[in-house]
Structure formats: C-alpha cells, structure tokens
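The entries follow in the order in which I looked.

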Amino acid sequence: MNKIEHIGIAVKSLKDSNELFTKLFGAPPYKTEGVESEGVMTSFFMNGPNKIELLEATKPDSPIAKFIEKKGEGIHHIAFDVDDIEAEMTRLKSEGFQLLNETPKKGADNKLICFLHPKGTNGVLIELCQEIR
Ligand code: ZN
C-alpha cells in the first residue's frame, strides 16, 4: 500500500461545501463527478500534495446518505493508493479483512476502487484505489 491518495468527507450539500473548501484552500475544486452506481456526486480539491474528496448523496439509499443519517457530516473514508488493486485485495482477504466488493469497482477520478469493511479496521472505512492506466 502506498501513500494516502485522498480523504473523503461526507457532506449534506456539495454546493455549500464547495464554497467552504474553496475559501479554505484558496482554490476551487478541479473536478466534479457523479458516480451513479454509488448514488453520489463528488468534487475533488488539491491542496499542495493533499487531495480531498467531498461526497454528497444523490439518492436516499446512498451509502453517504446512510452515513450522514447515522454520524452526521465528517470524514467518511481514507483512501490509499495501490499499484495492483487485485493483488492487494487478495493479500488483505488472506489476512482476514472483509472486502465490501469482491471485484474492483470503477470509482471517481479515474480509479479502480475497493472498500474494506470498517468493522475490521477500527471503525475506519478504508478505500484502496488504483489509477486506471
Ligand atoms: Zn474516495
């Protein structure tokens, strides 16, 4: 596993939070992208070497809607960059981690992604992401 690729933050209103984070970082998001299969709209900010993903639910049964309902807005996941997502998924499975998807999914920002069940990672939702080359 490589460096933190991004930190995902669940927000109620992408519009309001885009304005807030634009003020915070002094620069607007470089990308806004919907992921239909996940029921989310996302935006991405670069601040120096650090990438922040904001996520807003686009339907009531979206994982982001459920997260906000339970915990409120806030840090939703930490994503780590990996070179070979399939190899990393196999390795983590053999270490006893529970994967939320058995095959890599297409995520936002040109990535293949897989989430680990937070029950097995001290309550932190971890995302693996591999750049699609
Ligand atoms: Zn993410």
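How many bridges join strand 2 to strand 3? I noted that the model is predicted, that local features need pLDDT of at least 70 and side-chain atom pairs count only at pLDDT 80 or more, while totals for chains, interfaces and linings use all residues. Residues are numbered from 1 along each chain as its sequence is written, and side-chain values use heavy atoms, with hydrogens and water left out.

Entry on the strands. I found five bridges between strand 2 (residues 31-35) and strand 3 (residues 40-47), which run antiparallel; strands are DSSP runs (E, at least two residues), numbered from the N terminus, and two of them pair if DSSP finds at least two bridges between them. Val35 stands opposite Val40 of strand 3, and the hairpin that strands 2 and 3 form has four residues between them, with Gly39 in the turn at a positive phi of about 65°.

I then followed strand 3 onward, where eight bridges join it to the antiparallel strand 4 (residues 50-57). Phe45 stands opposite Ile52 in strand 4, and in this hairpin, with two residues between the strands, Gly48 takes a positive phi near 60°.

Entry on the cysteines. I searched the whole structure for disulfides (a pair of cysteine sulfur atoms within 2.5 Å) and found zero. Cys114 is in none, the nearest cysteine sulfur being that of Cys129, 11 Å away.

Cys114 is buried (under 20% relative accessible area, with exposed over 50%, partly exposed in between, 1.4 Å probe, protein chains only), at 0%, and Cys129 is buried at 0%.
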